Amino acid sequence: MIQVAVVSGKGGTGKTILTASLASLLPQDKVLIDADVDAANLALLLDPVDCSADEFRGMDGAFIDPGSCVGCGICAQACNFEAIQKNQDLYGVVPYRCEGCGTCVLVCPEDAVQMQPRVTGRIHYAQSHAGPLLYGSLMPGSGNSGLLVHRLRQEARVKHPDVSLVLIDGPPGIGCPLISTITGIQVAILVTEPSKSAKSDLMRLITLCRSFQVRMYLVINRYDVNEDIAKEICQIAAEKDIHLLGMIPYDLDVLKATRNGIPVSTISGHASEAIHQIAKNLSGEIDQI
């Protein structure tokens, strides 16, 4: 089983658009994961049929037993997150404010506060034309995004142990969700664009992926918007021994495909042609692993 993640240090580089097209074009039997659990949208381009959804329980949260609470307010005074508020004569926990530190449990003289598992999101199972799709959805304000990504990858392995390819649409940034995404994978497709901020974020992404010993490939999206910076990025990739899979030109047809909720690879145009070649290049690289 080869695990490939499409990632980008900067958001908005076209990562999900590329992932949806690769899902449609790569010939390997595969399972798809949308690891951008704070804003999963791969499903918007693949139009899958939702099959089921399971509760996701993150870290424990505080719960105050109203039958034991005497309304002293010590727990509210000790909480640094203002997660405990008074309701008439007693106190209760505001779930989205609770960070699960457990301080309230320690200070309560009546043992009225307990830590309990809490539902902070859902794991969705769907079926698309490109293969099974797993994606997560966190409740607003909930943490544990890295843990949810871990659970998605775990569920994919359990439910589809025999597939040859796991294709992951990674989260933007270089925080916990990304670390959970690239841990243990074989290949990372770094998607960037020719801008100063994207170039800076790419450097940080390369450093992180290298520390996890992940084989990296590069795709430059909308490369012709600033060809000077695109050349600088190519030079960086060459110096760091990162193979360039391809460059995608700016193409208004990409916007049309996105508005229609279909992968770019299913329409004609310069961007689609470039993505077809990128998929062919990537498939060849995967076959050699």
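Trainee: How do the residues lining the second largest cavity divide into nonpolar, polar and charged?

Mentor: The lining of the second largest cavity has nine nonpolar residues, one polar and one charged. Ala, Val, Leu, Ile, Met, Phe, Trp, Tyr, Cys and Pro count as nonpolar, Asp, Glu, Lys and Arg as charged, and the others, Gly among them, as polar.

The model is predicted: local features need pLDDT of at least 70, side-chain atom pairs count only at pLDDT 80 or more, and totals for chains, interfaces and linings use all residues. Residues are numbered from 1 along each chain as its sequence is written, and side-chain values use heavy atoms, with hydrogens and water left out.

Trainee: What makes a space a cavity, and what makes it a pocket?

Mentor: On a 1 Å grid over the protein atoms alone, a cavity is a set of points where a 1.4 Å probe fits but cannot get out; a pocket is an open set with protein on both sides within 12 Å along at least five of seven lines. Lining residues have an atom within 4 Å of a point. Three cavities of 30 Å³ or more are counted here. Among the 13 residues around the largest cavity, Cys-79, Ala-83, Cys-98, Cys-101 and Cys-104 lie nearest its centre.

Trainee: What is the volume of the largest pocket?

Mentor: The largest pocket has about 250 Å³, where a volume is the space filled by probe spheres set on grid points joined across faces, edges and corners. Its lining has 14 residues, with Cys-98, Arg-118, Gly-141, Ser-142 and Gly-143 nearest the centre. Seven of the lining residues are nonpolar, five polar and two charged.

Trainee: Why is His-124 called buried?

Mentor: Its relative accessible area is 15%, and buried means under 20% (exposed is over 50%, partly exposed in between, with a 1.4 Å probe and protein chains only). Therefore His-124 is buried.

Trainee: What makes the pairing of His-124 and Ser-137 a polar contact?

Mentor: Their side chains are joined at 2.8 Å. A polar contact is a pair of N or O atoms within 3.5 Å; within protein, one must be able to donate a hydrogen and the other to accept it, and residues adjacent in sequence count only if both atoms are side-chain atoms. So the 2.8 Å between His-124 and Ser-137 falls within the limit.

Trainee: Why does Ser-283 count as buried?

Mentor: Ser-283 counts as buried because its relative accessibility is 10%. The side chain of Ser-283 also makes a polar contact of 3.3 Å with that of Gln-28.
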